[in-house]
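This briefing is for a reader meeting the structure for the first time. Please look over the sequence and the model before reading the points below.

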Amino acid sequence: MKFEHFAINVAQPRAMSDWYEKHVGLSVVSKQASSPYMTFLADDSDTIMLEIYNNPNAPVLDFKNQHPLVLHLALVSEDPADDRDRLVAAGAEVISDDILDDGSHLVMLKDPWGLALQLCKRAKPMLK
C-alpha cells in the first residue's frame with residue numbers, strides 16, 4: 001500500500017485551498033463548490049494529496065493552539081530560507097529554523113490558520 005491522501009477538517013477550506021495553491025504550489029485534483037467544500041490538492045509529484053474540507057459532523061481541530069510536533073505537514077524544499085521568507089510574506093509564522101548536525105535544514109512554520117508546516121532540505125533525502 002501507499003499513501004493516497006491526508007485529510008483535515010478545517011474552518012475555512014476555500015481560503016485555505018487558495019493559499020496552498022498560490023503559495024505552496026499544490027494543484028487542484030478535485031474541488032467542490034458547495035459545502036463541505038471537499039478539495040483534493042496534489043503535490044508536484046502527483047503521488048499524494050492533501051484533502052481539506054469543512055464537515056460540521058466532526059470537530060475542527062484547534063491548530064493554532066497545537067504544538068507543531070503534535071501534527072505538521074512536511075514538505076521537501078530546495079531552499080528552506082527562501083521558501084520560509086516567501087511563506088511568511090504570505091501570512092505564515094516562523095516557529096523554528098534549524099540546521100541539524102548532518103547539515104539538514106528544517107524550518108517549522110504555521111500557516112495563517114495555525115496548521116504547522118515543516119520545510120525540509122535533508123542532507124540525505126529520505127525518499128526517492
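The notes below cover the annotated span, a glutamate, an aromatic cluster and a glutamine.

The model is predicted, so local features need pLDDT of at least 70 and side-chain atom pairs count only at pLDDT 80 or more, while totals for chains, interfaces and linings use all residues. Residues are numbered from 1 along each chain as its sequence is written, and side-chain values use heavy atoms, leaving out hydrogens and water.

**Annotated span**

- An unreviewed UniProt entry carries the annotation "domain: VOC" for residues 2-122; such annotations may be inferred rather than shown by experiment, and positions follow the numbering used here, with feature names shortened.
- The span of residues 2-122 is 18% helix and 36% strand, and its end C-alpha atoms lie 22 Å apart.
- Helices (H or I, at least four residues) and strands (E, at least two) are DSSP runs, numbered from the N terminus.

**Glutamate 51**

- Glutamate 51 belongs to strand S4, residues 49-53.
- Glutamate 51 is buried and has no salt bridge, with lysine 31, the nearest side chain of opposite charge, 14 Å away.
- Buried means under 20% relative accessible area, exposed over 50%, and partly exposed in between, with a 1.4 Å probe and protein chains only.
- A salt bridge needs a side-chain nitrogen of Lys or Arg within 4 Å of a carboxyl oxygen of Asp or Glu; Lys and Arg count as positive, Asp and Glu as negative, and His and the chain ends are not counted.
- The side chains of glutamate 51 and histidine 5 are joined by a polar contact of 3.0 Å.
- A polar contact is a pair of N or O atoms within 3.5 Å; within protein, one must be able to donate a hydrogen and the other to accept it, and residues adjacent in sequence count only if both atoms are side-chain atoms.

**Aromatic cluster**

- Rings of Phe, Tyr and Trp (its six-membered ring) pair if their centres lie within 6.5 Å; planes under 30 degrees apart are stacked, over 60 edge-to-face, and the rest tilted.
- The count by this rule is two aromatic pairs.
- The tryptophan 19 and tyrosine 20 pair is edge-to-face because the ring planes are at 70°, with centres 5.1 Å apart.
- The tryptophan 19 and tryptophan 113 pair is also edge-to-face, with planes at 80° and centres 6.1 Å apart.
- Tryptophan 19 is in helix H1 and tryptophan 113 in the loop between strands S7 and S8, 94 residues apart.
- Trp19, Tyr20 and Trp113 form one cluster.

**Glutamine 32**

- Glutamine 32 sits in the loop between strands S2 and S3, and is partly exposed at 30% relative accessibility.
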